[in-house]
Amino acid sequence: MFGSLKPQPADKILALMGEYRADPRPDKIDLGVGVYKDATGHTPIMRAVKRAEKQLWDAETSKTYTGLAGDPAFNAAMASLVLGDAAAGDRISSVATPGGTGAVRQAFEFLRMASPPVRVFVSDPTWPNHLSILKHLGIEAVPYRYFDTETRGVDFDGMLADLAGARAGDAVLLHGCCHNPTGANLTLPQWVAVADLLDKTGATPLIDIAYQGFGDGLDEDAAGVRLIAARLPEVLIAASCSKNFGIYRERTGSLIALSSSADQGVTQGTLAYLNRQNYSFPPDHGARLVTMILADPGLRAEWETELEEIRRGMLRLREALAAELGRLSGSDRFGFLAAHRGMFSRLGATPAQVERLKAEHGIYMVGDSRLNIAGLNDATVPVLARAVLAVGI
Ligand code: LMR
């Protein structure tokens, strides 16, 4: 029976991780997978996480199951972190999920249950796993224009024109902040225009927010989500704690659904049902750390301080790279790097140029020329800048 299985396509981002690890060159540079790294190339455990883990080790007396939806305190803390006070409590349903990917997967399944022929509109480009999961579930993905390859900003007119084709029963997948893979983001007035359009068409927004705190700040990065939450009757939000708490392998995320208060009970029940069908109880360790950090003023202040250090460090690297490329090229055509936000920027290189960066310079980035800014440090910024120009980008 197993002999009938066909080989599955490798995930491009994960395949690149393997290639990088196998490369013996000591001066290789990893700008691939979206994992934060400090100046020494290490992905640290955040200070507040380490402290919370110590406290948890002392305080935790049982590993028995939590609820199907996860710990209610985690769900409430995440809803507050993401939504602020943008939605009344009786509209909110939520469950803990294994990472942001778990939330995305559950959201797609939820949409299919609510609207069986659902089409999901996705930005072109989007995180490749969005497309892969949709394909796996047999859900139609409809691309909408998003990235302007000339300006490396958002093609907003194209986006609105394409989203006008979505209708009630469809969903529109939006990146809450720090767009992956481009780094180009909507302004607040653009979020307002998207909300107006969704309101007019009746399509349901699904917002994937995996990098809250990595762009302009915790509240600033959630401004679009909050605006949509306040304006539209039904919204799905997939939130990840992997990056902003640095707990990648703990698999910690949250799926939030906003509905009318009349539909809240059945909405919450459907989310819990989906957890039971897919993995039963969600992982708890990371969720518990997040809850402790968000609830304890001291831990929270320490976490916010470190998150801000990380955010500012990435911004500084962006600015340094844009400046170095500007200096070496004698032009401002790389200014978009400083304007982008989050971990990623799409450089706009051809696949052949990306391949040359890897083969000739030991610099690894995803084939669509997405680079992880956090993979750089002060010493490698000029190395990358020289290599970028050497391969003719
Ligand atoms: C990325 O885009 O590199 C991250 O979200 C990691 C992943 O799972 O792909």
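Biologist: Which domains does the assignment give for the chain?
Modeller: The chain is assigned domain 1 (10–45 + 308–390) and domain 2 (65–295), with bounds that come from an automatic or database domain assignment. This is a predicted model, in which local features need pLDDT of at least 70 and side-chain atom pairs count only at pLDDT 80 or more, while totals for chains, interfaces and linings use all residues. Residues are numbered from 1 along each chain as its sequence is written, and side-chain values use heavy atoms, with hydrogens and water left out.

Biologist: How many residues does each domain put into the contact?
Modeller: Domain 1 gives 21 residues and domain 2 gives 23 residues, where contact means heavy atoms within 4.5 Å. Taken over C-alpha atoms, the centres of the two domains are 27 Å apart.

Biologist: And what area do they bury between them?
Modeller: About 1,700 Å², of which 57% is on carbon and sulfur atoms; buried area is the accessible area (1.4 Å probe) that two parts lose on being put together, summed over both. On the domain 1 side, R311, R341 and R346 supply 33% of the area buried against domain 2, more than any other three residues.

Biologist: How many salt bridges cross that interface?
Modeller: The rule finds 1 salt bridge between domain 1 and domain 2, a salt bridge being a side-chain nitrogen of Lys or Arg within 4 Å of a carboxyl oxygen of Asp or Glu. The side chains of R341 and D216 also meet in a salt bridge, at 2.9 Å from N to O.

Biologist: Which elements give two or more residues to the domain 1 side?
Modeller: Those are helix 12 (297–329) and strand 9 (344–346), with helices (H or I, at least four residues) and strands (E, at least two) taken as DSSP runs numbered from the N terminus.

Biologist: Switching topic, how are the rings of Y65 and F281 arranged?
Modeller: Y65 and F281 are stacked, with 4.2 Å centre to centre and 15 degrees between the planes; rings of Phe, Tyr and Trp (its six-membered ring) pair if their centres lie within 6.5 Å, and planes under 30 degrees apart count as stacked, over 60 as edge-to-face and the rest as tilted. The two residues are 216 apart in the chain, Y65 in the loop between helix 2 (47–59) and helix 3 (72–83) and F281 in the loop between helix 10 (264–278) and helix 11 (285–295).

Biologist: What about the backbone at S280?
Modeller: S280 has a positive phi of about 65 degrees although it is not a glycine, and S280 lies in the loop between helix 10 and helix 11.
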